[in-house]
Amino acid sequence: MCDAGQVRLARILSVVPLLAAAMLAMPASRADAQSAAEIGQRVAALADSMKATQKLLNAERVRQALPLDDSLVVDGVTVLFPGIAIDARNRNAVREGIIDARRSLDERFGAGTSSLLDGDLWSITFPNHAPNAPFERAAFAEGRDPSARTRNGDYSLPLSAGEIEDFMLSRAGRRLMQRNAVLDEFVGVAFSFRDNERQAYVARRLLALSASSVARNCAAGAMSACRAVLNPQARDKWFAPSDSARPNARAVPLGVHGSLARTALDVGGPRFLQAISAPNTSDEPLVILATAAGVTPDSLLRAWSAGLNESGATNAEPTLAFAAAAFFWSGFFLLIATRRRPR
Amino acid sequence: MFRTILRTHWMWTRTLVAGISLVVFLMPAAAWRLGGGRTILVGRSVADGMQALGPMLAFLALLGAFVLAVYPWTVDAETKHVYPLSLPITWTRYVGMRFLAGALTLVVPAVALYLGGRLAVSMIVLPPLLHSYAGALAVRWLLAAFVAYSMSFALQYLAGRRATVVALLIVLGIVGLFAGLELAGARDVGDAIGRFLFEFPGPLGVFSERGVLIDV
């Protein structure tokens with residue numbers, strides 16, 4: 001009842017800015033240039049207010065659809081459990097994961113980096129609405145809405161602190177990129193503070209197997225090809241005329257962009273974290289990343305390319321330890337086989 | 001004596017070994033077709049196809065190795081193991097030689113897989129950064145088959161005629177154990193057991209490792 005009343009009030013309130021904007025807009029046509037500019041600012045402020053009211057309405061709608069039964073606030077991070085309450089064990093894992101992620105960010109990337117997580121809000125949902133049921137899995141989503149675009153995989157239960165830490169490091173990466181609209185679009189959710197040894201290998205493989213010969217040339221070390229394939233404004237250069245690509249096909253997936261951004265972070269260090277919020281001097285993500293890292297675009301590309309080449313092909317070849325383990329188990333089973341002699 | 005055991009082992013199992021060899025030889029070419037065979041220039045079709053057929057290769061390693069371990073024992077059992085027990089060597093030594101003979105025959109399908117991989121790769125033009133790992137794939141398969149063979153061998157020589165029943169009981173026991181732990185809310189214990197069994201360096205870790213024919 002109370003919720004319905006709040007929604008009604010919010011709806012009424014949403015009309016007020018509209019009326020006020022209309023009233024202010026009418027005399028604006030008669031006012032001089034200076035007062036018109038002021039009125040324009042007010043209209044913009046009112047438009048922001050309208051957006052906030054709309055956001056409130058949306059949040060209320062989601063809350064009504066999925067009653068919020070439980071939540072957790074740890075070091076400025078809010079975790080919601082819409083429609084369900086989780087047990088102490090999972091709750092502790094969430095708490096530990098958040099604390100570990102904050103510590104990891106501050107220790108590895110400089111004090112204060114963990115502030116990226118301040119005010120973060122995400123939800124843990126259970127598709128079958130029963131966290132203690134057998135074979136149940138959990139899904140993480142950005143914000144309140146479990147159907148959000150940023151829904152993040154399935155996690156087995158009980159949750160582990162390590163999984164939560166990894167998720168929080170990805171969230172921190174996402175929030176950092178959101179500070180720059182161009183990079184946010186360029187990288188999406190593919191940037192994380194998490195150490196991922198396979199990221200360079202995967203990026204190299206994606207480039208080498210791309211349908212775009214330009215991307216393949218990039219993988220082979222051609223800097224001009226890399227620059228073309230990593231530039232969202234150079235769509236016409238992503239594919240060579242001889243390539244057979246579907247219309248609107250991407251030359252490289254976002255994971256490749258993520259590995260470039262990660263290289264920029266490794267090159268720039270704490271400076272990168274500060275500089276990324278500065279106004280852009282270019283529309284090209286590579287230039288923005290290089291500037292934030294304090295190097296030239298070519299230097300960043302060279303560092304990235306060198307990282308890709310170092311990722312090597314060791315993933316394909318079985319290691320000596322792998323072979324040793326196979327021989328060990330074979331010997332173990334052979335020993336067992338000799339234990340019984342037929343009579 | 002080992003040469004005799006190897007020769008008899010080969011005579012008993014050669015049809016089976018030839019069958020497995022033929023299937024694994026054709027597997028990379030089938031992968032190319034399964035991947036669409038469309039992008040003859042970039043080799044993505046082989047990479048995609050091998051990803052899809054990877055579990056089939058692991059299954060062949062399991063099944064082939066199981067039959068290779070079981071068949072010679074069955075032949076010996078028909079004569080109540082009179083021949084091996086009459087030999088002037090210990091039982092342990094005889095079992096070791098029998099094991100080695102079977103393990104050596106597994107090299108034949110592994111070589112066939114290597115040749116099939118080389119053939120499939122020769123049909124496409126690889127871009128500069130991509131390489132063929134036909135040899136690495138064959139070695140991975142051989143190691144997996146080797147472990148599967150030794151497990152089947154141990155099961156057969158321990159359980160004798162009841163090996164099939166014991167194998168089924170083991171499978172059912174493992175499934176029941178995981179289901180029971182899940183129902184009891186002890187999923188983390190089940191996860192730990194699963195990790196021990198299926199992750200490197202566990203006994204079945206060789207089956208979890210991804211085998212690729214084409215990679216950077």
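A residue is called buried here if 20 or more other C-beta atoms lie within 10 Å of its own. The structure shown is a predicted model.

**Figure 1. Helix 5 of chain B and its buried residues.** In helix 5 of chain B, the buried residues are P109(B), A110(B), A112(B), L113(B), Y114(B), G116(B), G117(B), A120(B) and V121(B). The helix covers residues 107-122, which makes 16 residues. From its first C-alpha to its last it reaches 22 Å, close to the 22 Å expected at 1.5 Å a residue. An α-helix has 3.6 residues a turn, so residues three or four places apart point the same way.

**Figure 2. Chain B as a whole.** Chain B contains nine helices and two strands. Read from the N terminus, its elements follow the order α-α-α-α-α-β-α-α-α-α-β. Along the principal axes, the C-alpha atoms of chain B fill a box of roughly 60 × 55 × 25 Å. Chain B has 216 residues, of which 41% count as buried. Of the contacts in chain B between residues at least 6 apart in sequence, 74% join residues at least 24 apart.

**Figure 3. Helix 4 of chain A, a largely enclosed helix.** Helix 4 of chain A is formed by residues 161-177. Its 17 residues should span 24 Å at 1.5 Å a residue, and the end C-alpha atoms are 24 Å apart, which agrees. Because 13 of the 17 residues are buried, helix 4 of chain A is largely enclosed by the rest of the structure.

**Figure 4. The packing of helix 9 against helix 12 in chain A.** Helix 9 (residues 254-268) and helix 12 (residues 297-310) of chain A pack at an angle of about 110°, and their axes are 9 Å apart. Angles of 65 to 115 degrees count as roughly perpendicular, and the two helices of chain A are therefore described as roughly perpendicular to each other. Helix 9 of chain A makes the contact through L260(A), T263(A), A264(A) and V267(A), and helix 12 of chain A through L300(A), A303(A), W304(A) and G307(A). By class, the residues of this contact are six nonpolar, two polar and no charged.

**Figure 5. The contact between chain A and chain B.** Chain A gives 34 residues to the contact and chain B gives 42 residues. On the side of chain A that touches chain B, the elements that give two or more residues are helix 6 (198-208), helix 7 (213-219) and helix 13 (320-337) of chain A. Helix 13 of chain A supplies the largest share of that side, 10 residues. The side of chain A that touches chain B divides into 22 nonpolar, five polar and seven charged residues.

Key
Residues are numbered from 1 along each chain as its sequence is written. Chains are lettered from A and ligands numbered from 1 in the order in which they are written. This is a predicted model: local features need pLDDT of at least 70, side-chain atom pairs count only at pLDDT 80 or more; totals for chains, interfaces and linings use all residues. Helices (H or I, at least four residues) and strands (E, at least two) are DSSP runs, numbered from the N terminus. The expected span of a helix is 1.5 Å times one less than its number of residues. A residue is buried if 20 or more other C-beta atoms lie within 10 Å of its own, exposed if 12 or fewer, and partly exposed in between; C-beta atoms are placed from the backbone. Axes are lines fitted to C-alpha atoms, for helices over the stretch in contact, and angles run from 0 to 180 degrees between N-to-C directions. Angles under 35 degrees count as roughly parallel, over 145 as roughly antiparallel, 65 to 115 as roughly perpendicular and the rest as oblique. Two residues are in contact if their C-beta atoms, placed from the backbone, lie within 7 Å. Ala, Val, Leu, Ile, Met, Phe, Trp, Tyr, Cys and Pro count as nonpolar, Asp, Glu, Lys and Arg as charged, and the others, Gly among them, as polar.
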